[in-house]
Amino acid sequence: MAARLSEEIKLTKKHEEILAKRTDLLGQMESGCKQQRENREQRVILWQTAQERNATLLQDLQKMEERLSARPLLQPEMISLQTRYWESVEEKIPEWEDFLLGRGPPPSARRGWSSSSLKRKGAPQDRSQVGVTGLPPRASTKCVS
């Protein structure tokens, strides 16, 4: 009889342990379900805000398309002028490259043009007064510590 009593006590303890584990697992499952619901609600809110944002972006694009379609196209003469302008700019790039990179004088100085023929009305005669050297400004090469 004592053996049965000790066995029943062991089984009761094991049953209580199983019930405690079951309670813990149920609590974990409930908290996991709660987190899933909260995540789902957050995703729904994010989805709704994205839908609203996309709708406003689409409306803005449609308005811009309407404005662009109502705008008159450039005249052929204007397109021709633009094309010729950019062609001339591209032709002059090699000539101006050294000056723009700060490695030499402007092309007008290399051609021997006098500075007086390049000056505008009312400009100071002495370049040192203005601080103009004929070269574009260079970035400072000094290290600041």
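Start by selecting Phe99, which is buried, with a relative accessible area of 15%. Buried means under 20% relative accessible area, exposed means over 50%, and partly exposed lies in between (1.4 Å probe, protein chains only). This is a predicted model, in which local features need pLDDT of at least 70 and side-chain atom pairs count only at pLDDT 80 or more, while totals for chains, interfaces and linings use all residues. Residues are numbered from 1 along each chain as its sequence is written, and side-chain values use heavy atoms, with hydrogens and water left out.

**Whole chain**

Zoom out and colour by secondary structure: the chain has five helices and zero strands. Helices (H or I, at least four residues) and strands (E, at least two) are DSSP runs, numbered from the N terminus. Of the 145 residues in the chain, 6% are buried.

**Aromatic pairs**

The whole structure contains two aromatic pairs. Select Tyr85 and Trp86: their ring centres are 5.0 Å apart and their planes stand at 75 degrees, so this pair is edge-to-face. Rings of Phe, Tyr and Trp (its six-membered ring) pair if their centres lie within 6.5 Å; planes under 30 degrees apart count as stacked, over 60 as edge-to-face and the rest as tilted. Tyr85 is partly exposed at 48% relative accessible area, whereas Trp86 is exposed at 51%.

Trp96 is partly exposed, with a relative accessible area of 33%.

**Salt bridge**

The structure holds one salt bridge. Glu95 and Lys92 are three residues apart in helix H2 (residues 76-100), and so are separated by about one helical turn. Glu95 is partly exposed at 25% relative accessible area, and Lys92 is partly exposed at 41%.

**Nonpolar patch**

Finally, show the surface and select Leu74, Met78, Ile79 and Leu81, which form a nonpolar patch with about 370 Å² of accessible area together. Patches are made of residues with over 30% relative accessible area and no salt bridge: like charges are joined within 9 Å, nonpolar side chains (Val, Leu, Ile, Met, Phe, Trp, Tyr) within 5 Å. Accessible areas come from the Shrake-Rupley method with a 1.4 Å probe; for residues, only the protein chains shown count as cover. Met78 is in helix H2 and is partly exposed at 40% relative accessibility.

Key
A salt bridge is a side-chain nitrogen of Lys or Arg within 4 Å of a carboxyl oxygen of Asp or Glu.
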